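Student: I have not seen this structure before. Could we go through it by question and answer?

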Amino acid sequence: MTTPETKRDEDAVRRYVESLGLVLSQIGMQRMAARVFAALMTNDEGQLTAAELATQLSVSPAAISGAVRYLEQVGFVTKVREPGERRDHYRLHDDLWYATFLKRDRLLIMWRDAAEEGIDALGADTPAGKRLAEMQDFLSFVLKEVGSLYDRWHEERAKREAG
């Protein structure tokens, strides 16, 4: 939370939200989803209602609806309802990066398995079959290595939090 001692320059925050949103859209995220994600990342509570997001980003509620739907699908946010309130809040996951990459694992597994199906259909000795085998091998390697990255990340984070 922002305390009187940590007063923020809201103009600088707005500029940063737009800057981060632009970077995220340049690397492939949908533009409005990138802006919504940036707004949530810069909010001390890590959550906002659709109305708060629309006001902060000067966009329509419909634009927010599509963006949060996308962010939910890719595992960046979750919808929560606070006790006694009628409005949904969109909250970043507590272990955002870990949760997001775990979801990516499932996608990589599906992609790898689809390559295997293609190899069977095309034949392992055909040029197309060989390309799919290379893709399958690469994805299998990435999946194996990502597991050890998760373990190392948790160790690193635990060290940082302890000292």
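Student: How are α2 and α4 oriented to each other, roughly parallel or roughly perpendicular?
Tutor: The model is a predicted one. In it, α2 and α4 pack with their axes 8 Å apart, at an angle of about 80°. An angle of 65 to 115 degrees counts as roughly perpendicular. The two helices, α2 and α4, are therefore roughly perpendicular.

Student: Which residues of α4 does α2 meet, and how does the contact divide by class?
Tutor: From α2 come Met32, Ala33, Val36 and Phe37, and they meet Ala63, Ile64, Ala67, Val68, Tyr70 and Leu71 in α4. By class, the residues of this contact between α2 and α4 are 10 nonpolar, no polar and no charged.

Student: How many of the residues of α2 are buried?
Tutor: Buried here means under 20% relative accessible area. Among the buried residues of α2 are Ala33, Val36 and Phe37, and also Arg35. Helix α2 is mostly covered, and the count of buried residues is 8 of 11.

Student: How does α1 lie relative to α2, oblique or roughly perpendicular?
Tutor: The axes of α1 and α2 cross at roughly 135° and come within 8 Å. That angle makes α1 oblique to α2.

Student: What is the handedness of the crossing of α1 and α2, and how do the residues of their contact divide by class?
Tutor: The crossing of α1 and α2 is right-handed. In α1, Val17, Glu18, Leu20, Gly21, Leu22, Leu24 and Ser25 meet Arg31, Ala34, Arg35, Phe37, Ala38 and Ala39 in α2. The contact of α1 with α2 divides into 8 nonpolar, 2 polar and 3 charged residues.

Student: How are α3 and α4 placed, roughly parallel or roughly perpendicular?
Tutor: Helix α3 covers residues 50-57 and helix α4 residues 61-73, and they pack with axes 9 Å apart at an angle of about 115°. This makes α3 and α4 roughly perpendicular.

Student: Is the crossing of α3 and α4 left-handed or right-handed, and which residues make the contact?
Tutor: The crossing of α3 and α4 is right-handed. On the α4 side, the contact is made by Pro61, Ile64 and Val68. By class, this contact of α3 with α4 has 7 nonpolar, no polar and no charged residues. On the α3 side, the residues are Ala50, Leu53, Ala54 and Leu57.

Student: Why do the buried residues of α3 line one face of the helix?
Tutor: The buried residues in α3 are Leu53, Ala54 and Leu57. An α-helix has 3.6 residues a turn, so residues three or four places apart point the same way. Seen down the axis of α3, the buried residues line one face because they fall within an arc of 100°.

Student: What covers the buried residues of α3?
Tutor: The cover includes both helices and strands, and several parts of the chain take part. Those included are β1 (47-49), β3 (88-92), α1 (10-26), α2 (31-41) and α4.

Student: Is Thr55 buried or exposed?
Tutor: Thr55 is in helix α3. The relative accessible area of Thr55 is 63%. A value over 50% counts as exposed. Thr55 is therefore exposed.

Student: What is the phi of Ser58, and where is Ser58 placed?
Tutor: Ser58 follows α3 and is in the loop between α3 and α4. Ser58 is exposed, with a relative accessible area of 65%. Most residues other than glycine have a negative phi, and most peptide bonds are trans. The phi of Ser58 is positive, near 55°.

Student: Which residues is Gln136 in contact with, leaving aside its neighbours within four places in sequence?
Tutor: Gln136 lies in helix α6, residues 127-162. Gln136 is buried, at a relative accessible area of 16%. Leaving aside neighbours within four places in sequence, the contacts of Gln136 are with Arg112, Ala115, Glu116 and Ile119.

Key. Residues numbered from 1 in each chain as written. Predicted model: local features only at pLDDT ≥ 70, side-chain atom pairs only at ≥ 80, totals over all residues. Heavy atoms only, no water. Axes fitted to C-alpha atoms, helices over the stretch in contact; angles between N-to-C directions. Helix = DSSP H or I, 4+ residues; strand = E, 2+ residues; numbered from the N terminus. Parallel < 35°, antiparallel > 145°, perpendicular 65-115°, else oblique. Left-handed = near helix turned anticlockwise from the far one by under 90°. Contact = heavy atoms within 4.5 Å. Nonpolar A, V, L, I, M, F, W, Y, C, P; charged D, E, K, R; others polar. Buried < 20%, exposed > 50% of the residue type's maximum accessible area, 1.4 Å probe, protein only. Arc of directions from axis to C-beta.
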